[in-house]
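Subject: Handing over a structure, with notes on what was found

Dear colleague,

I am passing on to you the structure below, and I would be grateful if you could look through it with the notes at hand. They are written for someone who has not seen it before.

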Amino acid sequence: MVRRPVAWIVAVVLFAEAVGIAALNWFLGVVVDRQDMSLAGLDPHMMSTSSKIGAVVFGLYFALCGLVALLVALRDRPPAGLGRVLLISVAVVHALLGAFTWGLVGRHAFLFMVLVLGLVVLLLMTYDRPARPAEPADAVPGDGGPDGSPVTPSPAPTTG
C-alpha cells in the first residue's frame, strides 16, 4: 500500500519544515535586533520579539502537524478530529505559501510547496473513510436493512 510510506514522508517533511521555518524566523529576528533600525516608526525590539515568537509558534505548528502524520504512519489509521483538522489546515497553508512563493522566491520554492501540498492531500485521501458502512457478517445479501425492513421504500399512498 502507498498509505504508510506517504504518511512517513509527510511526517519527515513537516518536521524538517518546522525546524527550517523556526530557524529562518529566529534568524530574521536576530537580524532586525542587530540592525537597530525602525521601519515606519515601529520599535525594532518589538519587531525582533514578534519574529522570534512567530518562529516558536510556526515551528510548533508544523511540528504538531508532523506529529499527527507520524501517528497516522505508526497506527495505520486515518487521522480523526483535531488531527484531521490540523492536516487540512497545513494543506491550506502550503497552498497559500505556494501562491506567495511563486512571485517572491521563484518557481523552485513554489514546486516544493505544491509537492508538500500534494503529499498532504494524498495522505488525507488515501485514508478517506468508506462512503457506506460495511454490512454485518451475519447479514444475508438482499435480505433488507439491518432491522429486516425492505431496502426500497414503499410506494406513496394515493388519495381517492
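This is a predicted model: local features need pLDDT of at least 70, side-chain atom pairs count only at pLDDT 80 or more; totals for chains, interfaces and linings use all residues.

Residues are numbered from 1 along each chain as its sequence is written, and side-chain values use heavy atoms, with hydrogens and water left out.

The whole chain

The secondary structure of the protein chain comes to four helices and zero strands, where helices (H or I, at least four residues) and strands (E, at least two) are DSSP runs numbered from the N terminus. Along the sequence this reads as the pattern α-α-α-α. Of the 160 residues, 26% count as buried; here buried means under 20% relative accessible area, exposed means over 50%, and partly exposed lies in between, with a 1.4 Å probe and protein chains only. Among the contacts in the chain with a separation of 6 or more, 70% are between residues 24 or more positions apart, a contact being heavy atoms within 4.5 Å. The chain exposes about 11,100 Å², of which carbon and sulfur atoms supply 71%; accessible areas come from the Shrake-Rupley method with a 1.4 Å probe, and for residues only the protein chains shown count as cover.

Helix α3 has 23 residues, which should span 33 Å at 1.5 Å a residue, and its end C-alpha atoms are 32 Å apart, which agrees; the expected span is 1.5 Å times one less than the number of residues. Its buried residues are G83, L86, L87, V90, A91, H94, G98 and T101, and what covers them includes α1, α2 and α4. One of them, T101, has a relative accessible area of 12% and touches G106, A109, F110 and M113, not counting residues up to four places away in sequence.

Helix α4 (residues 107–126) has 20 residues and reaches 28 Å from its first C-alpha to its last, close to the 28 Å expected. The buried residues of α4 are M113, V116, L119, V120, L123 and L124, and, seen down the helix axis, they fall within an arc of 135 degrees, so they line one face of the helix; the arc is that of the directions from the helix axis to the C-beta atoms. These buried residues pack against α1, α2 and α3, whereas R107, H108, L115 and M125, on the other side of α4, are exposed.

F62 lies in helix α2 and is buried, with a relative accessible area of 3%. Leaving aside residues up to four places away in sequence, F62 touches L14, E17, A18, I21, V90, V93 and H94. F62 and V90 are 28 residues apart in sequence and 7.7 Å apart in space, C-alpha to C-alpha.

The salt bridge and the surface patch

The structure holds one salt bridge, that is, a side-chain nitrogen of Lys or Arg within 4 Å of a carboxyl oxygen of Asp or Glu. R3 forms this salt bridge with D76, the closest N and O atoms being 3.8 Å apart. Since R3 lies in helix α1 (residues 3–35) and D76 in the loop between α2 (44–75) and α3 (82–104), the pair ties together parts that are 73 residues apart in sequence. R3 is partly exposed, with a relative accessible area of 24%, and D76 is partly exposed as well, at 29%. The phi of D76 is near 55 degrees, a positive value in a residue other than glycine.

Finally, W8, F15, L64, L67, L71 and L74 form a nonpolar patch on the surface, with about 510 Å² of accessible area together. Patches are made of residues with over 30% relative accessible area and no salt bridge, with like charges joined within 9 Å and nonpolar side chains (Val, Leu, Ile, Met, Phe, Trp, Tyr) within 5 Å. The largest share of the nonpolar patch, four residues, comes from α2. L64, which lies in helix α2, counts as partly exposed at 41% relative accessibility.

With best regards
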